[in-house]
Amino acid sequence: MASFTLSPPCFAFSSSSSSSSSPLFFSAPSQLLAHKKRNQTRLRVSCKANNPNNSTDDAAASPGSRIIDRRNVLLGLGGLYGVANLAGGPIASAADVDVAIHYPNVSKCHYPSDVPANADITGTCCPPVPTDTVLDYQIPTGGPMRKRVPAQFATQEYINKYEAALTAMKNLDPSHPHSFPQQANIHCAYCNGGYQQFGFPTEEIQVHNSWLFFPFHRWYLYFYEKILGKLINDPTFALPYWNWDNQSGMTMPNMFMSTTSSLYDANRNPNYLPPAIVDLNYAGKDRGLSDEELIAENLVAVYRSMVTNGGTTELFMGKKYVTGTPPSPGQGSVEGIPHTPVHRWVGDSVDQPNGEDMGNFYSAGRDPLFYSHHANVDRMWVIWQKLLGGKDFTDDSWLNASFLFYDENEQPVRVYAKDCMDNIAMGYDYEYSSLPWLKSKPSPSKTTGAAAASNAPFVTDVFPVTLDKVVQVKVSRPKTSRTKAEKEKEEEVLVIDGIEVAMDQYARFDVYLNDSDQPDGGKDKAQYAGGFAHLPHKQESSSTTKTSVRLGLNEPLEDLGAEDDDTVLVTLAPQVGGGVVDVDSIRIEYSTR
Ligand code: C2O
């Protein structure tokens, strides 16, 4: 029997379809999660967070106990829980296993597999390996509320404070887990293939392009902020947020601009320093728009991500991603646009080989502006939950996803997605800034019958395609003329699947509905459905791993007057850089809210 141990607070169970009440594995203190689906054996893991009796961390402490493939994971779990006869039993395919992504075995961190050949990395980008026992993190209660402020309105007093905190962080020994380079390394290791999945040495952990995007970055900022507060002895210290969703905040915030400030980073695109207005749809080149046009398009872009394309949990937060499955199944709406274009817009693609710092995941955390960009991304999650009625995932395999960080006391801690769902419970909030984009719906224009009138081929006759030119196809709609009640219940979703991305380029394409065959790029119209944006980032298993994008169709089809049409005309327009290689398929699905 393989000598495999699962990190103690997690217990695995399985039920088979033939006898749903008899678990294959069980032990005290077990919690059986009998779960039948598609007549296959399912494996679930229930992680009991915050269990002080189970604070030893095998994953970090005994890396040698990690074994290789899913079969061994199952055998190992059987061994741990005393059931030995699984070897001949059904082994579900990896894709059918519901085990949350477990925080990595940090002692196995290696040179990141997903960086360009000329990446500027000394050694590895692995944060220090903990020598202390890893504890389950308990969010402290009763402390002051940390109020994150819009960066463009920060007072000089506040800026001085942030500068002092960051100076102190930058003055720490670079090997200190709180030092600025190590904070940046966290991003590199989690985002560029420094870590492998628990029990799956061939599958990396990737916190982008999936449902891990929001929880990982929330926890990351949480500790960054707490550490800065600790360094200046101010538990009220809160990050500034880059308020790019409001016209008053659409340039790089001034506090980050002074070359003598600890908030400065030299690797930013010299063409986009203030007063340049950020392009939230940025595709790698200037589009010659006036400031007014850019601001208007930006507001529509935020509306589209938050409302039009954020209508279901999966659309907003990204695709399910569990242990044993390849990384990057699909990004959520905000992660795609505006999050990724903003990275690329800030990073220096003029003088740096790979858009360093912000324009490439491995280096993004080296720019202090990164943390303010992500504070606003995090604020979008709060707004979606609290104002737009968004509901977080309830899947155990999301709730129990875990990460490892150092807290402000240098204690290595394990944190769970389920403990970061409420920012107030985490002790921080966002100071108010108005939301002009709420009223910035794309402008409607009737295109009824456009698909029927077009000579474009059906998607099934053309795909897969290489996206080296504009591609236009008709896609069938399984349902037409749905009632209001049906539409409230289900979002019609355009799924663009099997997107294969080139290794080292910024990948970006736009998607238009019922538009002419050479779309003019106006991004405030209903014809523009959104797009795909992917920072340069290859994956270890790059030949087989692909990603996807999902766009909400309910609202655009209404605005286009195309609800009764039985096809929709879809145009994919690759953007500069051409990092997207192939796309396998496009289809329409319905997703329950
Ligand atoms: Cu982890 Cu904005 O990226």
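1. Helix α3 (residues 156-171) and α5 have axes that come within 8 Å and cross at roughly 95 degrees, so α3 is roughly perpendicular to α5. Helices here are DSSP runs of H or I with at least four residues, strands are runs of E with at least two, and both are numbered from the N terminus. Axes are lines fitted to C-alpha atoms, for helices over the stretch in contact, and angles run from 0 to 180 degrees between N-to-C directions. Angles under 35 degrees count as roughly parallel, over 145 as roughly antiparallel, 65 to 115 as roughly perpendicular and the rest as oblique.

2. Tyr-162, Ala-165, Leu-166, Ala-168 and Met-169 of α3 make this contact with Tyr-224, Ile-227, Leu-228 and Leu-231 of α5, contact meaning heavy atoms within 4.5 Å. The contact of α3 with α5 has nine nonpolar, no polar and no charged residues. In this division Ala, Val, Leu, Ile, Met, Phe, Trp, Tyr, Cys and Pro are nonpolar, Asp, Glu, Lys and Arg are charged, and the others, Gly among them, are polar.

3. The model is predicted: local features need pLDDT of at least 70 and side-chain atom pairs count only at pLDDT 80 or more, whereas totals for chains, interfaces and linings use all residues. Residues are numbered from 1 along each chain as its sequence is written, and side-chain values use heavy atoms, with hydrogens and water left out.

4. Helix α5 (residues 213-231) also meets helix α10 (residues 369-386), their axes coming within 10 Å and crossing at roughly 125 degrees; α5 is therefore oblique to α10. By class, the contact of α5 with α10 has twelve nonpolar, three polar and two charged residues.

5. How do α8 and α10 pack, and at what angle? The angle is about 165 degrees, with the axes 11 Å apart, which means that α8 is roughly antiparallel to α10. Val-334, His-339, Val-342, His-343 and Val-346 in α8 meet Leu-369, Phe-370, His-373, His-374, Val-377 and Met-380 in α10. The contact of α8 with α10 divides into seven nonpolar, four polar and no charged residues.

6. A cis peptide bond joins Pro-274 and Pro-275, with omega about 10 degrees; Pro-275 lies in the loop between β7 (240-241) and α6. Another cis peptide bond joins Ile-337 and Pro-338, with omega about 15 degrees, and Pro-338 is placed in helix α8. Asn-233, although not a glycine, has a positive phi of about 55 degrees and is found in the loop between α5 and β7.

7. A cavity is a set of points on a 1 Å grid over the protein atoms alone where a 1.4 Å probe fits but cannot get out, and lining residues have an atom within 4 Å of a point.

8. The largest cavity is lined by 17 residues, with Ser-305, Asn-309, Ser-333, Ile-337 and Leu-551 nearest its centre. At least two lining residues come from each of α6 (291-308), α8 (333-346), β15 (528-534) and β16 (547-552). The lining of the largest cavity divides into six nonpolar, nine polar and two charged residues.

Key: On a 1 Å grid over the protein atoms alone, a cavity is a set of points where a 1.4 Å probe fits but cannot get out, and a pocket is an open set with protein on both sides within 12 Å along at least five of seven lines; lining residues have an atom within 4 Å of a point.
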